[in-house]
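Please have a look at the fold first, and then read on.

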Amino acid sequence: MTRTELISSIGHVKVAFIGRSNSGKSTLVNGLCNKYIVPECSHTSTMLTSYLGRIPKAVKDCAIMDSRGKLKDYSFSEFRDTVTYTEQYYDNLKSRYVDKYAFINVRHQLSRNGIVLIDTIGIGVNEYDTRRTAAVTRGADIIVYLYDALDCANLRMADMEFLTSIVFPKGRKPLLPCDRIFFVPNKIDMVSSVTELCRDLKCCFLNFVSPLSNDYEQLCNNIIPISSLYYRLATTGPQKLPVRSHFQDKESFEIAHEIAVNENDIYERLNDSLIVMSNVKKLINAISQISKSIS
Ligand SMILES: Nc1nc2c(ncn2[C@@H]2O[C@H](COP(=O)(O)OP(=O)(O)OP(=O)(O)O)[C@@H](O)[C@H]2O)c(=O)[nH]1
Ligand SMILES: [Mg+2]
């Protein structure tokens with residue numbers, strides 16, 4: 001099966017999770033799968049564009065497709081360990097991942113709507129990554145654009161460059177109808193004023209579309225501030241403490257260990273209110289509605 005055939009066998013609506021490194025794309029995707037599958041890390045972590053959904057035949061748990069179209073199978077945990085690296089290793093390893101893609105066979109919360117989730121390698125770290133993410137963005141039916149809203153931060157330079165060149169090219173129509181573009185400020189568990197956050201984001205939209213247009217109104221309606229981490233914790237529980245021998249280097253292991261301890265703390269404190277606070281249900285409902293109108 002070719003890559004295109006595999007992707008269309010998973011679903012007919014492609015939802016791409018886009019944003020800078022560390023914005024929480026993989027955390028959200030794991031939350032939607034109720035399973036810790038794609039690597040999450042405070043350093044650059046996702047090295048492969050990953051397609052997630054129910055895959056007929058070809059793939060058992062996970063498979064990586066190489067540049068010749070050959071698939072190699074992995075279990076979920078082997079997959080995560082195989083593709084998790086820290087920044088320090090990133091540049092050396094990059095060439096090994098040229099033109100490789102991951103396919104993950106999992107039932108997720110949007111499967112029933114014929115949706116394939118795409119966890120991208122993100123933007124802003126280097127031109128190579130940004131180009132690959134731009135290609136995925138161009139082929140998407142729905143864009144979920146995440147950014148790290150820690151301390152009420154707004155879209156940054158790298159976001160603006162990507163958005164104005166790929167999604168809202170000057171003098172042309174937006175890449176997709178604006179009701180299919182979601183702006184998702186993430187990490188609201190660490191944000192003092194969500195209202196302020198949304199106000200600043202609406203100001204940013206003026207760089208993309210006219211304030212009196214339908215497009216502007218649709219973009220404003222599609223702002224959904226979330227906490228990917230709370231949602232993922234609610235669906236999967238905290239990560240287990242990592243096993244030293246699975247890691248390629250000491251630094252990765254120590255980071256993974258620290259994250260697991262931290263997650264456990266949050267989980268114990270906030271267990272009951274996690275799902276409601278995360279706001280992700282709103283995003284799921286909105287994407288479901290749009291996907292029905294595409295089908
Ligand atoms: N406090 C908080 N931390 C979060 C949240 N979402 C993600 N994080 C943390 O942010 C870091 C980055 O998350 P990832 O999901 O790996 O980010 P990413 O966008 O996939 O990053 P790349 O794969 O490098 O492009 C991890 O340490 C997550 O635990 C959130 O809602 N709140
Ligand atoms: Mg990632």
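## Reading the helices

A crossing is called left-handed if the near helix is turned anticlockwise from the far one by less than a right angle, and right-handed if clockwise. Helices (H or I, at least four residues) and strands (E, at least two) are DSSP runs, numbered from the N terminus. By that convention the crossing of H2 and H9 is left-handed.

This is a predicted model, in which local features need pLDDT of at least 70 and side-chain atom pairs count only at pLDDT 80 or more, while totals for chains, interfaces and linings use all residues. Residues are numbered from 1 along each chain as its sequence is written, and chains are lettered from A and ligands numbered from 1 in the order in which they are written.

## How H2 meets H9

The axes of H2 and H9 come within 8 Å and cross at roughly 30°; axes are lines fitted to C-alpha atoms, for helices over the stretch in contact, with angles running from 0 to 180 degrees between N-to-C directions.

On the H2 side, the residues in contact are Thr 27, Leu 28, Asn 30 and Gly 31, and they meet Ser 228, Leu 229, Tyr 231, Arg 232, Thr 235 and Thr 236 in H9 (contact: C-beta atoms, placed from the backbone, within 7 Å). By class, this contact has three nonpolar, six polar and one charged residues (Ala, Val, Leu, Ile, Met, Phe, Trp, Tyr, Cys and Pro count as nonpolar, Asp, Glu, Lys and Arg as charged, and the others, Gly among them, as polar).

## Around the ligand

Ligand 1 has 23 residues around it, of which Gly 24, Ser 26, Thr 46, Gly 122 and Leu 229 come nearest (near: C-beta atom, placed from the backbone, within 6 Å). Helices H2 (25–33) and H9 (228–236) are the elements that give two or more residues to this shell, and H2 gives the most, with three. The shell has four nonpolar, 15 polar and four charged residues.

## The sheet

Eight strands form an open sheet with mixed pairing, in the order S4-S3-S5-S2-S6-S1-S7-S8 (strands pair if DSSP finds at least two bridges between them). S4 (71–74) and S8 (181–186) stand at the edges with a single partner strand each, so one side of each is left without a neighbour in the sheet.

S1 (residues 13–19) and S6 (residues 115–119) pair in the parallel sense over five bridges. S3 and S4 form a hairpin with five residues between them, and Gly 69 in the turn has a positive phi of about 90°.

Note on methods: Contact = placed C-beta atoms within 7 Å.
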